[in-house]
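Thanks for coming. I have one structure today, and I will go through it piece by piece. Please have the view open while I talk.

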Amino acid sequence: MTDTARTARAGVPERPTLDGLEETWARRWQEEGTYAFDRSKQRSDVYAIDTPPPTVSGELHMGHVFSYTHTDLVARFQRMRGRAVFYPMGWDDNGLPTERRVQNVYGVRCDPALPYDPGWRPPATPVSDAARRDPTPISRQNFIELCERLTVADEQVFEALWRRLGLSVDWSLTYTTIGRAARATSQRAFLRNLARGEAYQAEAPTLWDVGFATAVAQAELEDRERPGAYHRLRFAGPGGREVLIDTTRPELLPACVALVCHPDDERYADLVGGTVRSPLFAVEVPVRAHPLADPAKGTGIAMVCTFGDLADVTWWRELQLDTRVVIGRDGRLLPEPPAGVPAQPYAALAGQTVNGARRTIVELLADAGDLVGEPRPITHPVKFYERGDRPLEIVSTRQWYLRNGGRDTALRDALLARGRELRWVPEHMRHRYEHWVSGLTGDWLVSRQRFFGVPVPVWYRLDDAGEPDFTHPLTPEESALPVDPSSDAPPGYEESRRGRPGGFVGDPDVLDTWATSSLTPQIVGGWETDPDLFARVFPMDLRPQGQEIIRTWLFSTVVRAHAEHGVLPWRDAVLSGWILDPDRKKMSKSKGNVVTPMALLEQHGSDAVRYWAANGKPGMDLAFDPAQIKVGRRLATKLLNASRFALGLGAADALRAPATEPLDRAMLAELSGLVATATSALEAYDHTAALQATEAFFWRFCDDYIELVKERAYGSGPGAGSARAGLASALSVQLRLFAPVLPFVTEEVWSWWRYGSVHRAPWPTTYEVGRAIQGEGDPELLRLAGDALSQVRRAKSERKLSMKAEVPLAEALGPAALLEKLTLVADDLRAAGRISKLDLLPDRTPELVIACAF
């Protein structure tokens, strides 16, 4: 790492400005290695941050600026406390969002059956809407190359914005979730999960996104209110009895495998254990009882289909019902009916979309007299993949799962205990974690039927008939990782045996992007590849992240670290709040109220935007407020100008001189209290409290202290030296207190009169400030002098006089003890207020009053 202490002083410029500071200092920090991680430090001297890798297929917005600024405040504070800060940046570049972006940008789609074409070139962009509607099929390898090409460009844009914002990242530690190191780490962890029995494969009902053509996990679901309708269907019971059921999915009638009612519902008690006959298809289906059936919902008896929703899956599994699957992976009804369902009535539904089949079957039921009444419109929650735009279906597929406590009480309890070990900021966020873990209904589905991701690292033997043996997967040696089973052969096989009887076939799936992102501490920490580094950074100190991904990123990272290392992956978790628009609504792309940051950074400066972000506490929502950004700009400008003024008084040469005069000692005593307050707040991740206290002192320092001592500082002798010493110590301390929030302006001012970088300077301490005070300091004395001066200023303002106007006589009235204190700063008050004569009149008023005569 470059020794930043050798950076020369710049000197105070004639006309200091905020403009251009970002470009200047971002370049200097990179050239001088200001934020480089010192890996010679022992673990106790390291502060390691598991930074969220943003999804590069999207666009950075003010929510990102908000949360990543908070993390940077922590990094800068810990670095100035003497810790070697391990602060990497990652890019989450694999998965469905990237694939969708490539499809839209280039008008292509992936067809794994096509051979690789090394000469294929993508079309010029942007492509037409027609090209997007009728995309060009390309091979998987060509498609992946396009994904890699686009993400590289996106990552450059993201990095430029982060540098502009002033994130103190060590850019040499940058990683990507699709890079070689990430793929090897993800596959190694999966193989170890497999060896320990934590990863397994199963053929089971799977939540399926038709648009993306892939399985999705429970953590990726969201409910969206959608219009629907209840249809009342007539089943035929014994002895001609009518059994009416209400359903929103009449198209699943051929998939019906049972009717279910509550065990205590007397209306249907005589039917339980028998059968009824379905309308249209005349299939005999059993009637069963289950406690999840709701007697108050609809007619109190429900149709169980394989599979309409998650309740169907529960009933199917617990009641051990038959399986009749009718919906395929393309979201259409299968061309052939399931076993036991007559072909003739089903033929009208075969190949139709879900909505088309619904319309057809409603017409058929009405014609047959088995639709009772008219459909009743409703609005109800429907399951969607969080990134999808079509309702999820449930289809039966073979998938890979990781055990996460959803079906294992002991593991669930262990993961809940991990959550209690973790320090949550704010604490109430822990309840979201516990609610999620306690409500899990199944294990973590980690395989995806997509292309741009980390391949599942297994192959399967083919028997003599060419059928794969899923029960004994073939696995690679860890030393061979990463592997791609679609192009690499398993140990002991030649590529020529791929797809042939007696040979092998590679698993075609990739791992869920969270299955890789859940390993970010291991990826960037060099797990198994750099044991020395890993020992210095793992477990990490901090996981900063959004509250909406507690159930995905945070929980899944805990699962992986618990399984592999038997520990939490970090000590503290700090959760961000939401960014709200001016109407107090959460900003989101779907609402169209997102604000992008670059224009604001260019217009107001990065320090001003960071100031706005720092006014939001962890876990608390913050409204986007351009007015507050302007306040931040004003603060940075004042810091620039006040520093220039103080240094112009000779403060730079008095840095280590003692403050001997009462007012100077009073100011430093109050500053010492500020250092204690700000330090304590930042240790508790309350950067907002630290900033508010520092800002309040700074304005009093500018408006009162500088005005009170500048005449004395212009002079000579011990009093002038004391004023300059006070100014120097206060400026040095305040620059460091502001440095985490306002890194550019503080670095600029620091460079005028100090060596090295303010961001490598030690964090101020009460001991340091105390050493600058000769004798004792009374903080109340500065407040008293400031109050007296403000009354003099007010008197001039009321008479519309200049602040430079002379005051022939001023009378100070108040309690004797108060006026006795005032005598200690009387000379400074007279000079600042331009008071010719100051009379002290004790015990005339209960509080201080300065009466001016003109």
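Start with strand S7, residues 199-209, which is joined to strand S16, residues 393-402, by ten bridges, and the two run antiparallel. To find your place in that pairing, take Glu-203, whose bridge partner in S16 is Arg-398. This is a predicted model, so please keep that in mind throughout.

S7 and S8 make a hairpin with four residues between them. In the turn, Ala-213 has a positive phi of about 55°.

On the S16 side, two bridges connect S16 to S18, again antiparallel. The residue opposite Leu-402 is Trp-444 in S18. Put together, that gives an open sheet of four strands in the order S8-S7-S16-S18, with antiparallel pairing. Which strands stand at the edges? They are S8 and S18 (444-445), each with a single partner strand, so one side of each has no neighbour in the sheet. As a reminder, strands of a sheet pair through backbone hydrogen bonds, either parallel or antiparallel.

How many of the eleven residues of S7 are buried? Nine are, so S7 is largely enclosed by the rest of the structure.

Now the helices. Helix H22 covers residues 743-753, and eleven of its eleven residues are buried, so the helix is largely enclosed by the rest of the structure. The buried residues include Glu-747 and Glu-748, as well as Trp-750, Trp-752 and Trp-753. What covers them includes H1, helix H2 (62-80), helix H5 (140-165), helix H17 (606-614), H18 and helix H21 (718-738).

Phe-744 forms one aromatic cluster with Trp-29 and Tyr-35. Trp-752 is among the contacts of Arg-644, and the others, leaving aside neighbours within four places in sequence, are Val-12, Pro-13, Glu-14 and Pro-16.

Arg-644 itself belongs to helix H18, residues 626-648. Is Arg-644 buried, partly exposed or exposed? Its relative accessibility is 35%, so it counts as partly exposed. Between Arg-644 and Pro-16 there are 8.0 Å in space, C-alpha to C-alpha, although they are 628 residues apart in sequence.

Compare helix H26, residues 826-833, where the buried residues are Ala-826, Asp-828, Leu-829, Ala-832 and Gly-833. Looking down the axis of H26, these buried residues fall within an arc of 160°, so they line one face of the helix. The general point is that an α-helix has 3.6 residues a turn, so residues three or four places apart point the same way. The cover over the buried residues of H26 includes helix H19 (662-683), helix H20 (687-714), helix H24 (779-798) and helix H25 (816-822), along with strands S27 (807-814) and S28 (835-842). Just after H26, Arg-834 takes a positive phi of about 55°.

Next, aromatics. The count comes to 24 aromatic pairs. One of them is Phe-37 with Phe-86, an edge-to-face pair at 5.1 Å centre to centre and 75° between the planes. The two residues are 49 apart in the chain, with Phe-37 in the loop between helix H1 (21-32) and strand S1 (46-48), and Phe-86 in strand S2, residues 84-86. Buried here means under 20% relative accessible area. Phe-37 has 12%, so it is buried, and Phe-86, at 0%, is buried too.

There are also two arginines over tryptophan rings. The charged end of Arg-188 sits over the ring of Trp-527, 5.1 Å from the ring centre. Arg-543 lies over the face of Trp-553, and there the distance to the ring centre is 3.1 Å.

Last, the whole chain. It has 26 helices and 29 strands, and 55% of its 854 residues are buried. Its C-alpha atoms fill a box of roughly 115 × 65 × 55 Å along the principal axes. Of the contacts between residues at least 6 apart in sequence, 78% join residues at least 24 apart. The accessible surface comes to about 35500 Å², and carbon and sulfur atoms account for 50% of that.

Conventions: Residues are numbered from 1 along each chain as its sequence is written. This is a predicted model: local features need pLDDT of at least 70, side-chain atom pairs count only at pLDDT 80 or more; totals for chains, interfaces and linings use all residues. Side-chain values use heavy atoms; hydrogens and water are left out. Buried means under 20% relative accessible area, exposed over 50%, partly exposed in between (1.4 Å probe, protein chains only). The arc is that of the directions from the helix axis to the C-beta atoms. Contact means heavy atoms within 4.5 Å. Rings of Phe, Tyr and Trp (its six-membered ring) pair if their centres lie within 6.5 Å; planes under 30 degrees apart count as stacked, over 60 as edge-to-face and the rest as tilted. A charge sits over a ring if NZ of Lys or CZ of Arg is within 6 Å of the ring centre and within 35 degrees of the ring normal. Accessible areas come from the Shrake-Rupley method with a 1.4 Å probe; for residues, only the protein chains shown count as cover. Two strands pair if DSSP finds at least two bridges between them.
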